[in-house]
Amino acid sequence: MGQITSVRLLILTILFVTSLVLGQDPDPVVKEACTQFKRSVFEERVPFSHFFANAPISWETIDSCDGSRPLIVGGSPADPKEFPHIARLGNRNATDNTTKWFCGGTLISNRLVLTAAHCLYSENGEVNVVRLGELDFSTDKDDADPEDFGVKAPIEHPDFNYQMLYNDIALLQLDRIVNFNFYKHPACLPFKTGAASKTFIAIGWGDKKFAGRPSEELRKVQLNNFGNRCSTIDVDELPNGYNSSTQICIGSSERKDTCSGDSGGPLLNYHEEYPCMYHVMGITSFGTGCGTPNVPSIYTLVHFYLDWIKKEMAKNN
């Protein structure tokens with residue numbers, strides 16, 4: 001239980017990719033893909049024996065997606081297996097085997113991780129290692145299943161310009177297939193833009209305060225939709241101002257925020273039907289500080305880029 005078979009995964013990928021190539025409305029297939037990911041991890045068919053001799057064996061499905069979720073509060077540690085799609089990106093030095101971790105990402109298929117394009121230009125070096133299934137980097141005694149993957153190919157959005165932060169979205173093709181389980185499986189792509197959503201969840205191992213140190217443990221925070229309030233942000237990286245079509249403005253009236261080291265990580269919504277699953281609605285992109293009340297940050301709006309994501313999935317799965 002908890003690990004999708006290679007045959008089922010291949011069938012699922014073929015169905016998804018075929019729908020994209022044929023140009024059909026992807027929504028039903030995207031929803032089915034999300035359902036299949038959920039079933040592959042959280043459902044198990046088990047035999048049910050009758051009391052009567054020679055009676056046929058019946059089967060029932062045990063669903064462990066019970067919907068129990070703790071209330072999200074500002075800057076609290078994530079629970080084990082709560083965010084199985086989270087990835088941490090880094091650069092590993094082959095000479096001394098040391099790793100510098102500097103960005104986040106989101107697993108969206110058995111081979112692709114979604115992140116911010118600016119993470120590909122880190123002063124720490126290229127992204128050449130992705131860790132999945134991790135919770136607390138300071139211990140190997142926690143309830144986690146960390147596994148490192150190499151990066152076969154980074155896929156930067158063709159309209160991204162490193163001097164600016166428009167189209168700040170990229171994919172990483174991993175060097176091998178991810179075997180799904182409770183600790184490692186994809187987030188669902190968005191069914192909606194997210195513009196109407198009032199609250200979101202951001203997660204990561206970034207700094208807990210401005211100019212602070214990265215967190216050793218994965219943390220979560222609930223943030224609010226600030227609408228068009230980012231239109232007042234005036235920075236060199238956004239010479240044409242905030243773009244509400246491709247970006248989303250998120251913040252809090254309290255000291256809650258993402259920070260340095262959270263870049264590329266997901267902005268999430270709960271799945272309405274499956275409480276054990278999440279939609280990745282945004283990508284942590286840009287902020288003017290950390291944790292200042294009523295000063296929002298900008299996230300790349302994933303829904304706007306679905307066509308590009310689907311084309312890359314068709315080529316790279």
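The model is predicted, and residues are numbered from 1 along each chain as its sequence is written. Local features were taken at pLDDT of at least 70 and side-chain atom pairs at pLDDT 80 or more, while totals for chains, interfaces and linings use all residues, and side-chain values rest on heavy atoms, with hydrogens and water left out. The mean pLDDT of the protein is 81, and 75% of its residues reach 70 or more; pLDDT is the predictor's confidence in each residue, from 0 to 100. Over residues 1-26 the pLDDT is below 50, and this stretch has 40 contacts beyond near neighbours in sequence, a contact being defined by heavy atoms within 4.5 Å. Residues 68-74 also have pLDDT under 50, with 21 contacts in the model beyond four places in sequence. Where pLDDT is low, the predicted coordinates should not be read in detail.

The largest nonpolar core contains 70 residues, of which Phe83, Leu114 and Ile309 touch the most other members. Helix α2 (residues 27-42) gives the most to this core, with five residues. Apart from it lies another core, of 10 residues, including Ala202, Met281, Tyr299 and Leu301. A nonpolar core is here a set of buried Ala, Val, Leu, Ile, Met, Phe, Trp, Tyr and Cys residues joined through side-chain atoms within 4.5 Å. Buried denotes under 20% relative accessible area, exposed over 50%, and partly exposed the range in between (1.4 Å probe, protein chains only). Helices (H or I, at least four residues) and strands (E, at least two) are DSSP runs, numbered from the N terminus. In soluble globular proteins, nonpolar side chains tend to be buried together.

With neighbours within four places in sequence set aside, the contacts of Leu114 include Ile169, Leu171, Val280, Ile283 and Ile309. Val280 lies in strand β14 and is buried, at 1% relative accessibility. Beyond four places in sequence, Val280 touches Leu114 and Val302, as well as others including Ala187, Cys188, Leu189 and Pro190. The C-alpha atoms of Val280 and His303 are 9.0 Å apart in space, although these residues are 23 apart in sequence.

The structure holds seven aromatic pairs. Rings of Phe, Tyr and Trp (its six-membered ring) pair if their centres lie within 6.5 Å; planes under 30 degrees apart count as stacked, over 60 as edge-to-face and the rest as tilted. The pair of Phe83 and Tyr278 is tilted, because the ring centres are 5.2 Å apart and the planes are at 40°. Phe83 lies in the loop between β3 (76-77) and β4 (86-92) and Tyr278 in strand β14 (residues 278-286), so the pair ties together parts that are 195 residues apart in sequence. Both Phe83 and Tyr278 are buried. Trp101 and Phe137 form an edge-to-face pair, with 5.4 Å from centre to centre and 65° between the planes. Trp101 belongs to strand β5 (residues 99-107) and Phe137 to the loop between β7 (129-132) and β8 (147-156), so this pair links parts that are 36 residues apart in sequence. Trp101 is buried, with a relative accessible area of 19%. Phe83 and Tyr278 also form one aromatic cluster with Tyr270.

Charged side chains are placed over two rings: Arg88 lies over the face of Phe137, 4.7 Å from the ring centre, and the charged end of Arg176 sits over the ring of Phe149, 4.1 Å from its centre. The criterion is that NZ of Lys or CZ of Arg is within 6 Å of the ring centre and within 35 degrees of the ring normal.

Gln247 lies in strand β12 (residues 247-251) and is buried, with a relative accessible area of 4%. The side chain of Gln247 reaches the backbone oxygen of Leu165 at 3.5 Å. Ser252 is located in the loop between β12 and β13 (266-270) and is buried, also with a relative accessible area of 4%. Beyond four places in sequence, Ser252 is in contact with residues including Leu223, Phe226 and Asn294.

Most residues other than glycine have a negative phi. Asn97, however, has a positive phi of about 65°; Asn97 lies in the loop between β4 and β5 and is exposed, at 56% relative accessibility. Phi of Asn294 is likewise positive, near 65°. Asn294 is found in the loop between β14 and β15 (297-301) and is partly exposed, with a relative accessible area of 39%.

Terms used:
Polar contact = N/O pair within 3.5 Å; in protein donor to acceptor, adjacent residues only side chain to side chain.
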